[in-house]
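Welcome, and thanks for taking a look at this model with us. Please have the sequence and the 3D view at hand as you read.

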Amino acid sequence: MDKNTLEDRLGALSPERLRGIRRGIEKESLRAQPDGKLALTPHPAELGSALTHPHITTDFSESQAELITGVHAGVEDCLGELTAIHQFVYRALAAQDERLWVSSMPCGLPADETIPIGRYGSSNVGRAKSVYRMGLAHRYGRRMQTISGIHYNWSLPGLDNAQYFGLIRNFRRHAFLLLVLFGASPALCSTFVAGRQHELLPLGEGSMYMPHGTSLRMGRLGYQSDAQASLSVSYNSLEGYGASLEDALTRPWPAYEAFGISSPGGEYNQLATTLLQIENEFYGTIRPKRVIYPGERPLHALRERGVEYLEVRLMDLDPFEPVGIRAQTIRFLDVFLLHCLLEPSPLDSPAEIAELAHNQQLTAARGREPGLALLRGGREVPLADWGNDVLAQCLPIAAALDAAHGGAAYADAVRDAQASLREPQRLPSARVLASMAAEHGDSFVSFVRSRSDATRDLLLGLPWSQAQQAAFERATQASIEEQKQIEANDTMPFEIYRQQYVSPERLGLRRQAAAT
């Protein structure tokens with residue numbers, strides 16, 4: 001990628017490579033009762049084992065379903081699988097009259113300690129997943145963990161580690177644009193902030209909001225902590241990133257040491273007392289990823305075998321779309337990621353990392369505010385101007401993707417984004433507030449209840465064959481049998497398993513182990 005012009009750099013990507021893009025989606029959603037309150041029932045048995053099912057699991061809470069597609073070459077194929085998983089889940093939820101909450105910000109929440117933590121059975125790996133979640137509850141509170149989103153997994157053939165990390169650096173620089181274009185969480189239920197300090201304004205009865213907010217999920221109320229704010233993770237190389245993460249995974253943190261690994265009664269509080277318990281606790285807008293072997297630490301896999309794909313983590317659920325995201329949004333993400341790859345990507349610095357954090361917080365809270373300026377290289381730049389520049393650079397990339405695939409869907413996605421920047425009332429965050437005002441008395445819960453009910457009815461009304469039902473039921477049963485087998489094969493005491501799993505030696509490179 002050392003050629004001078006965008007056209008030259010784009011020319012290095014053949015149509016065959018562009019058609020080689022692979023994608024998958026992970027979508028989190030809370031299970032909610034008809035009245036808009038959190039469902040406190042266990043993960044439905046009809047959905048199989050949350051530990052071993054390849055497509056249906058839980059995230060933080062037992063009440064938080066996570067639906068996972070396979071890897072797809074086609075956008076429509078990916079959405080088709082996600083839709084089918086939803087159809088099966090909604091059929092399972094019908095018996096207890098629950099629905100999936102279609103907003104990233106949670107439904108009506110009970111007292112923090114009442115929110116149920118995910119349970120994964122009696123095996124060591126299952127217990128570790130629950131203990132990790134207990135650690136999150138102690139460190140951040142359970143309410144924060146009920147926020148839901150969509151993760152978009154993406155790869156392009158032929159990229160090396162340096163190219164993936166260059167892409168990540170540019171993604172972080174331009175992530176503000178995705179928060180503006182696709183943020184859909186400008187308001188929330190007041191139960192979420194009960195007893196917490198915040199800058200939100202009251203709206204209607206029982207709702208809070210930011211008038212120009214885009215994604216409260218990605219702002220100060222989202223996945224934030226003083227401990228993680230102390231991290232200044234660099235994305236200049238796999239080696240530097242790995243060293244930053246290893247430091248956080250092995251550095252004792254006094255506040256977490258204070259409540260210890262376990263309580264006086266012997267109940268586990270957390271997996272470790274370090275700044276991060278495990279890699280997944282590091283909250284970022286994008287992550288380099290690699291499929292891991294059973295029992296392997298993610299950082300070890302990255303160091304050993306390199307980056308395999310990227311996980312985009314800042315996308316809100318779109319409450320106006322049946323499965324939370326639409327094909328046009330996916331296509332825009334493809335263009336945007338290629339733009340981040342093709343543009344020159346200077347190394348980051350602590351000063352820039354601080355600027356990016358500032359820009360993210362500002363855009364999440366005030367991204368639609370007229371004239372809002374962000375920081376770039378120590379100078380203020382109007383958000384709209386910066387965003388329009390990026391979108392203009394995306395147009396040739398969209399044209400190349402359309403040439404590779406046929407049609408004009410990629411160019412249409414970029415042009416729609418340009419129109420939304422010109423007319424902010426078209427943005428999902430603005431549409432949420434407009435619908436709340438026009439139809440729901442400014443009530444967040446009423447708006448999302450209505451959208452959740454309509455989504456459930458739409459998905460239950462789609463064609464569904466006996467063969468599809470039977471295939472999902474087989475996967476459910478297979479997952480249950482697999483969990484039983486894992487539990488039957490366990491012989492190691494859990495404490496020994498925990499100590500071995502979190503040991504620093506598990507993070508290292510094979511050559512480091514060989515040298516000792």
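## Ground rules

Contact here means heavy atoms within 4.5 Å. The model is a predicted one, in which local features need pLDDT of at least 70 and side-chain atom pairs count only at pLDDT 80 or more, while totals for chains, interfaces and linings use all residues. Residues are numbered from 1 along each chain as its sequence is written, and side-chain values use heavy atoms, with hydrogens and water left out.

Helices (H or I, at least four residues) and strands (E, at least two) are DSSP runs, numbered from the N terminus.

Let's begin with Asn153, which sits in strand β5 (residues 150-155). With a relative accessibility of 12%, Asn153 counts as buried; buried means under 20% relative accessible area, exposed over 50%, and partly exposed in between (1.4 Å probe, protein chains only).

Setting aside neighbours within four places in sequence, Asn153 is in contact with Arg22, Arg23, Gly24, Glu26, Tyr309, Leu310 and Glu311. With one of these, Glu26, there is a side-chain to side-chain polar contact at 2.7 Å. A polar contact is a pair of N or O atoms within 3.5 Å; within protein, one must be able to donate a hydrogen and the other to accept it, and residues adjacent in sequence count only if both atoms are side-chain atoms.

## Strands and their partners

Glu311 also turns up in strand pairing: in β10, it stands opposite Arg287. Strand β9 (residues 286-289) and strand β10 (residues 309-315) run antiparallel and are joined by four bridges; two strands pair if DSSP finds at least two bridges between them. In a regular strand, side chains alternate between the two faces of the sheet. Both faces of β9 are covered, with Ile286 and Pro288 buried on one side and Arg287 and Lys289 buried on the other.

Elsewhere, three strands make an open, antiparallel sheet in the order β6-β8-β7. The edges are β6 (187-189) and β7 (201-203), each with a single partner strand, so one side of each has no neighbour in the sheet. From one strand to the next, the twist averages 35°. Three bridges link β6 to β8 (residues 207-209), and Ala187 has Tyr209 as its bridge partner in β8.

Two packed helices are described by the angle between their axes and the distance between the axes. Axes are lines fitted to C-alpha atoms, for helices over the stretch in contact, and angles run from 0 to 180 degrees between N-to-C directions.

Helix α6 (residues 161-182) packs on helix α14 (residues 409-422) at about 80°, with the axes 10 Å apart. That makes α6 roughly perpendicular to α14 (angles under 35 degrees count as roughly parallel, over 145 as roughly antiparallel, 65 to 115 as roughly perpendicular and the rest as oblique). Leu177, Val180 and Leu181 of α6 meet Ala417, Ser420 and Leu421 of α14. By class, this contact has five nonpolar, one polar and no charged residues; Ala, Val, Leu, Ile, Met, Phe, Trp, Tyr, Cys and Pro count as nonpolar, Asp, Glu, Lys and Arg as charged, and the others, Gly among them, as polar.

With helix α13 (residues 383-405), α6 packs at about 100°, the axes being 10 Å apart. On the α6 side the contact uses Arg173, His174, Phe176, Leu177 and Val180, and on the α13 side Leu383, Trp386, Gly387, Val390 and Leu391. These residues divide into seven nonpolar, two polar and one charged.

Trp101 lies in the loop between β4 and α4 (124-140) and is buried, at 1% relative accessible area. Its side chain reaches the backbone oxygen of Met105 at 3.0 Å. Not counting residues up to four places away in sequence, Trp101 touches a set that includes Ser29, Leu30, Leu317, Phe444 and Val448. Trp101 and Val448 are 347 residues apart in sequence, yet 7.1 Å apart from C-alpha to C-alpha.

Ser479 belongs to helix α17 (residues 466-489) and is buried as well, at 1% relative accessibility. Beyond neighbours within four places in sequence, Ser479 is in contact with Gly48, Ser49, Thr52 and His53. A polar atom of the Ser479 side chain lies 2.9 Å from the backbone nitrogen of Ser49.

## Two loop residues with positive phi

Asp97 has a phi near 55°, a positive value in a residue other than glycine. Asp97 is in the loop between α3 (75-93) and β4 (99-100) and is partly exposed, at 37%. Asp442, in the loop between α15 (428-439) and α16 (444-461), has a positive phi near 65° and counts as partly exposed at 23% relative accessibility.
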